[in-house]
Amino acid sequence: MSLVALATQHLTGLHLVAATSPSGAQAGVAADFSHDNFWIWLLKAVVIVIFMLTSVLIAIWFERRVVGRMQLRPGPNVHGPFGLLQSLADAMKLLLKEDVTVKAADKIVYIVAPMIAVFCSLLTFAVIPFGPSVHLFGIVTPLQLTDFPVAVLYILAAASVGVYGIVLGGWSSNSTYPLLGSVRSTAQVISYELSMSLSLVSVFVLAGSMSTSQIVSSQRSLWWALPLLPAFVIYVISMVGETNRLPFDLPEAEGELVGGYATEYSSMKFAWFFLAEYINMINVSAVATTLFLGGWRAPWPISAINDGMFNTGWWPVLWFLVKLWALIFFFVWLRGTLLRLRYDQFMKFGWKLLIPVSLGWVVCVAAVQGVRQFSSLTLQTILVALGVVVIVAVAVSYLIPEKTEPRTTGKVAPPGVFDAFADGYPVPPLPGQTLPPSPRRARAAAAVASVTDTGTEAQEVQRG
Amino acid sequence: MNPYVPLLVLMGVAAVLALGGVGASAIIGPRRYNRAKLEAYECGIQPTPHAVGGGRFPIKYYLVAMTFIVFDIEVVFLYPWAVSFADLAVFGLVAMIGFLVLITVPFVYEWRRGGFEWD
């Protein structure tokens with residue numbers, strides 16, 4: 001308690017917080033946390049952690065079950081009703097396994113890395129609103145641990161620090177596969193984090209805030225996924241890349257990298273990496289729900305019933321969870337449908353498509369919003385003008401010549417007979433070179449010819 | 001009420017979980033010594049010897065990290081502008097589009113020089 005009080009003094013001393021508004025609610029934040037006390041915070045924090053752990057156990061079961069159905073097999077169905085206790089059994093088994101620390105490992109970093117991963121992944125839900133204010137033990141409090149004007153920035157920061165878990169885990173193992181897996185994973189996560197954070201800019205422009213409760217309350221009439229559909233699509237693609245899930249699960253490409261960055265980990269340390277991965281999946285789904293899908297707000301026909309009755313009290317938790325699990329189902333669906341990309345295709349897609357498109361989208365939204373807010377033009381005029389611009393752009397694109405054949409760069413084939421075994425081990429031919437006919441094929445052809453020859457000879461002998 | 005204090009409470013709970021799990025498995029789990037188990041895993045062959053202080057990895061990842069920093073800083077500049085979009089009005093809009101154009105020039109340069117090619 002004294003530690004908390006000390007921290008409070010410290011933070012206020014640094015003027016990290018904006019001045020509070022007269023109503024008691026913080027400036028720039030829609031939810032009112034003024035009645036919360038330490039016990040409410042502790043309760044909410046514990047509930048969040050328990051919620052995350054339970055969700056992960058259910059998500060693993062759900063994934064195996066749904067993928068099983070998609071592949072026409074039952075999936076886990078032995079432990080507990082519908083196999084629900086399967087993931088709990090797996091977790092207990094991991095807890096009871098030997099905790100191996102490999103000889104070459106950098107001991108301290110090796111042990112701390114999985115803790116960093118799981119610690120950072122648990123932080124995101126602090127600012128995710130489950131619902132509006134409710135009565136809890138006689139106190140009116142929002143269903144959200146805390147909120148501040150830079151909440152989404154905090155989410156991205158927590159996700160970025162979580163990457164340290166992966167990079168340090170792979171590096172400290174001092175082994176080839178984990179090192180390659182971790183640099184791959186890091187490059188992937190940071191590349192897709194860019195397009196992810198760029199896609200959020202347009203939401204901030206429309207909502208005028210980075211506070212999660214404020215963004216949810218700005219979606220009263222319209223969920224941002226509809227007007228900002230391109231941004232939503234970019235976010236959904238990059239959230240799959242960010243969480244290392246299929247079709248982007250290259251860090252754990254089993255055929256290439258064994259277990260990726262977690263190869264040298266066992267027991268609970270491995271479990272923490274696994275847990276962090278699934279928590280991150282839930283985190284990005286929750287952020288998508290909050291920023292694009294109206295957060296805890298009921299979907300349209302239900303929200304109109306009885307003067308918004310379903311948007312008050314505990315009902316919103318239901319809508320939030322429905323949206324969250326719909327997105328998790330989407331993750332599982334992708335896994336059951338798509339194949340893994342090659343690494344170069346993946347990086348090309350991220351850097352050459354997602355980032356330019358999301359940058360262009362930010363400029364488009366800013367321009368349209370700017371014209372709407374700072375000039376006297378109506379939305380109709382803007383849309384007509386945009387249509388004209390698109391038509392002109394399409395017309396101009398026809399004038400640009402077709403892409404020419406790519407230049408053949410690199411080595412030029414040396415003249416002479418190609419010898420595949422010149423360097424001591426077989427190499428494929430360069431462009432322009434042809435392989436000499438294989439000896440085996442020559443022998444096979446000779447054998448066939450001799451068989452037919454003897455055949456005809458025999459026939460002739462018979463006839464004769 | 002300071003909104004960052006609940007964060008410290010959650011951090012405390014998360015840290016207890018993260019430490020507790022690893023600690024519990026270290027106490028509960030068995031310990032059976034086996035020399036091969038403590039070697040680096042490389043599909044059963046003799047592990048490749050590594051340089052002290054980490055192995056080597058392709059330079060391309062370093063390039064990605066550098067490009068990432070440029071764009072991440074760009075994003076960090078975009079966020080406050082997006083939040084105060086209405087207050088900054090036309091000045092902010094024009095300035096930010098100018099900034100984006102300036103960032104796009106090195107992006108195109110790196111693209112043309114093959115900075116995003118993987119082979």
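The following paragraphs describe the fold of two chains, the contact between them and some single residues in a predicted model. Residues are numbered from 1 along each chain as its sequence is written, and chains are lettered from A, with ligands numbered from 1, in the order in which they are written. In this predicted model, local features need pLDDT of at least 70 and side-chain atom pairs count only at pLDDT 80 or more, while totals for chains, interfaces and linings use all residues.

Chain A holds 15 helices and two strands. Helices (H or I, at least four residues) and strands (E, at least two) are DSSP runs, numbered from the N terminus. Of the 464 residues in chain A, 43% are buried. A residue is buried if 20 or more other C-beta atoms lie within 10 Å of its own, exposed if 12 or fewer, and partly exposed in between, with C-beta atoms placed from the backbone. Two residues are in contact if their C-beta atoms, placed from the backbone, lie within 7 Å. Among contacts in chain A between residues at least 6 apart in sequence, those that join residues at least 24 apart make up 74%.

Chain B has three helices and zero strands, and its pattern along the sequence is α-α-α. The radius of gyration of chain B, taken over C-alpha atoms, is 25 Å, well over the 14 Å that the globule rule gives for 119 residues, so chain B is more spread out than a compact globule. The globule rule is 2.2 Å times the number of residues to the power 0.38. Along the principal axes, the C-alpha atoms of chain B fill a box of roughly 70 × 50 × 20 Å. Buried residues account for 22% of the 119 residues in chain B.

The unreviewed UniProt entry lists residues 6–28, 61–82 and 88–109 of chain B under "transmembrane region". UniProt positions are given in the numbering used here, feature names are shortened, and annotations may be inferred rather than shown by experiment. In the model, residues 61–82 of chain B are 100% helix and 0% strand, with end C-alpha atoms 31 Å apart. Residues 88–109 of chain B are likewise 100% helix and 0% strand, and their end C-alpha atoms lie 31 Å apart.

The contact between the chains takes 79 residues from chain A and 61 residues from chain B. On the side of chain B that touches chain A, the elements giving two or more residues are α1 (5–28), α2 (60–83) and α3 (85–112) of chain B. The most comes from α1(B), with 19 residues. By type, the residues on this side of chain B comprise 46 nonpolar, eight polar and seven charged. Here Ala, Val, Leu, Ile, Met, Phe, Trp, Tyr, Cys and Pro count as nonpolar, Asp, Glu, Lys and Arg as charged, and the others, Gly among them, as polar.

The expected span of a helix is 1.5 Å times one less than its number of residues. For the 24 residues of α1(B) this should be 34 Å, and the end C-alpha atoms are 34 Å apart, which agrees. The buried residues of α1(B) include L10(B), A18(B) and G21(B). The buried residues of this helix pack against α2 (38–70), α3 (86–95), α4 (107–123) and α10 (267–292) of chain A.

The largest nonpolar core has 141 residues, and those with the most contacts inside it are W272(A), A288(A) and L10(B). Its largest share, 18 residues, comes from α10(A). A nonpolar core is a set of buried Ala, Val, Leu, Ile, Met, Phe, Trp, Tyr and Cys residues joined through C-beta atoms within 7 Å. Leaving aside neighbours within four places in sequence, W272(A) is in contact with P114(A), M115(A), A117(A), V118(A), A18(B) and G21(B).

Helix α5(A) (residues 151–172) has 22 residues and should span 32 Å, in agreement with its end C-alpha atoms, 32 Å apart. It is mostly covered, with 18 of its 22 residues buried. After α5(A) comes N174(A), whose phi is positive, near 55°. S197(A) lies in helix α6 (residues 176–207) of chain A and counts as buried because it has 25 C-beta neighbours inside 10 Å. Not counting residues up to four places away in sequence, S197(A) touches L156(A) and V75(B).

The loop between α2 and α3 of chain A contains L72(A) and F82(A). Phi is positive in L72(A), near 60°, and in F82(A), near 55°. L72(A) counts as exposed, with 6 C-beta neighbours inside 10 Å, whereas F82(A), with 13, counts as partly exposed.
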